[in-house]
Amino acid sequence: MKITQGILKITSTKEVARNTLLLTFEILAENFQFMAGQFVSMKFGAKAWRAYSIASSPDNSELELVVRLVENGVASQKFSNAQIGDSFDFKGPFGHFMLSNHQTSGLIFCATGTGIAPFKGMIQQESKSISPRTMTLLYGGRDSKDLAYLSEISHWAPHLKVHLGLSQITNKEKDILIQNFPQFQIHPTRITEILHSQVLPSLSHPDSEFYLCGNGYMVKSIQAILHEASIPNEQIFFERFN
């Protein structure tokens, strides 16, 4: 994809998880195109640039970003006080974290926190293909307040299997989630354990590809589990967030 420079103008902003904002932008740039999974770089001040995975699908006319707010962060301070109509310089798209062209039977996505962002576009893109592959999403956090898009995930693709790994969830919260989201499987543990004890033992498609996105510790841990299970490197794709 050609690298484009332009302006992103905020059209909406809302809190979607703990210390996490969902920002939607009007794209003021000529011929900006991207693939699901890529990211843009945004400018803050004179020299500071920050990278953000694109959450929206390529056929969306607006750009959607999921941003985690960090204390004293240059970008976080700007976004915390952002108003509709505020504009930011940007360039992109960048990155190679995209769905492969391999003829595989299944896709398994593993995310923590804002690592869910690129998977929204990927899942929506795959669901619109002529022959969508089976898809499974493992999404983790301490509790449900760490998870963005919770009420939307089931609408991204028909028959999407969803496992939520919540390591600090209370029994009361688990019961509420089961009642509100009966289509999800709720686990009081990390997604690494869900992958190791449930997903891999019941894997019906040995050629399935694994896409990992989130904090570095999670990505490395899942890579180790997949290697131990003899999953080839060419079936593992990842993006680590600092």
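Student: Before we start, what needs pLDDT of at least 70 here?

Tutor: Local features do, as this is a predicted model; side-chain atom pairs count only at pLDDT 80 or more, while totals for chains, interfaces and linings use all residues. Residues are numbered from 1 along each chain as its sequence is written, and side-chain values use heavy atoms, with hydrogens and water left out.

Student: Where are the domains?

Tutor: Domain 1 is 4-94 and domain 2 is 106-240, with bounds from an automatic or database domain assignment. Their centres, taken over C-alpha atoms, are 24 Å apart.

Student: How many residues of domain 1 are in contact with domain 2?

Tutor: 19, and they meet 17 residues of domain 2; contact means heavy atoms within 4.5 Å.

Student: And the area buried between them, what is that?

Tutor: About 1,400 Å², with carbon and sulfur atoms giving 51%. Buried area is the accessible area (1.4 Å probe) that two parts lose on being put together, summed over both.

Student: How many salt bridges across the interface?

Tutor: The rule finds 4 between domain 1 and domain 2, a salt bridge being a side-chain nitrogen of Lys or Arg within 4 Å of a carboxyl oxygen of Asp or Glu. E64 forms a salt bridge with K120, with 2.7 Å between the closest N and O atoms.

Student: Which elements give two or more residues to the domain 1 side?

Tutor: β1 (4-17), β2 (20-28) and β5 (62-68); strands are DSSP runs (E, at least two residues), numbered from the N terminus. β5 gives the most, with 4 residues.
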